[in-house]
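Have the model open while you read, and click on the residues as they come up.

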Amino acid sequence: MKAFDLIEIFIILTYLSLFIEIIVFPVPSVASSFQLILRKKSLPDPFLYTRVQNLNFWWKIILLALPSLLSAIAYCVPLVLIALSKFSTNLIYKTEKIELIIVAIFLILAGRIVSLYSVMNIRRNNKQKGNSFDLKTGNIFSFSRNPILFGLYISFIGMIILFPKWFMIMAFGYFIVHMHFRIIIEESFLKFKFGEKYTIYSEKTKRYI
């Protein structure tokens, strides 16, 4: 088995920090597969959230659960590449240009800082249980309605710079499309829950940045 280099160790630690964040500071989403498949919420018919919840169970598995699994795998492609490089005779290409490595590390760190700061901000004095949560509009949420996700995007762009492969771009594209779909579903719920307050907030704050 081949030894890990410093860049690979850095990437592994990055994913470890993400794993710890998810376990220790979870931010449940009303648009998660668990919420949409197993928990029913009574919303008026015009809302997309309701239409998705009213789908047949197996359609939910196909349209929600499986894409979620693929999305998680897509985001972990860099980790998979590192694992494969340890047991393969073929080297997994990483960029060797020092200036690109510096930019990549900066983006990965910046993305993790943005995501973790956003998580800590949204969890502060907010248990986020079921439908009992507040609408965050201040602090970092005054710049972006979804700073946690935006931070993940920034980090993955850094990963693409380190591993400049076409399938990395495809994985990133799939992740963005899937998460955007979930955001649209979640926004329909937030419009129902917070009404005009959310409408005003969404008009003056970008969805991502």
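1. Ground rules. This is a predicted model, where local features need pLDDT of at least 70, side-chain atom pairs count only at pLDDT 80 or more, and totals for chains, interfaces and linings use all residues. Residues are numbered from 1 along each chain as its sequence is written, and side-chain values use heavy atoms, with hydrogens and water left out.

2. Ring pairs. Searching the whole structure turns up ten aromatic pairs (rings of Phe, Tyr and Trp, the last by its six-membered ring, with centres within 6.5 Å; planes under 30 degrees apart are stacked, over 60 edge-to-face, the rest tilted). Take Tyr-75 and Phe-175: their ring centres are 4.7 Å apart and their planes are at 45 degrees, so this pair is tilted. Tyr-75 lies in helix H4 (residues 57-75) and Phe-175 in helix H8 (residues 166-194), so the pair ties together parts that are 100 residues apart in sequence. Helices here are DSSP runs (H or I, at least four residues), numbered from the N terminus. Both Tyr-75 and Phe-175 are buried (under 20% relative accessible area with a 1.4 Å probe, protein chains only; exposed is over 50%, partly exposed in between).

3. A stacked pair. Phe-156 and Phe-172 have ring centres 5.2 Å apart and planes at 10 degrees, so they count as stacked. Phe-156 and Phe-172 are buried too. Ring pairs link both of them, along with Tyr-15, Tyr-75, Tyr-153, Phe-175 and Tyr-208, into a cluster.

4. Cores. Which residues touch the most other members of the largest nonpolar core? Among them are Ile-11, Tyr-75, Leu-149 and Phe-156, in a core of 30 residues (buried Ala, Val, Leu, Ile, Met, Phe, Trp, Tyr and Cys joined through side-chain atoms within 4.5 Å). H7 gives the largest share of this core, nine residues. A second, separate core has 17 residues, including Val-30 and Phe-189.

5. Helix H5. Look at Val-77, Pro-78, Leu-81, Ile-82, Ser-85 and Lys-86, which are buried in H5. The buried residues of H5 pack against H1, H4, H7 and H8 (contact means heavy atoms within 4.5 Å).

6. A ring and a charge. The charged end of Lys-193 sits over the ring of Phe-194, 5.4 Å from the ring's centre (the rule: NZ of Lys or CZ of Arg within 6 Å of the ring centre and within 35 degrees of the ring normal).

Conventions: Helices (H or I, at least four residues) and strands (E, at least two) are DSSP runs, numbered from the N terminus.
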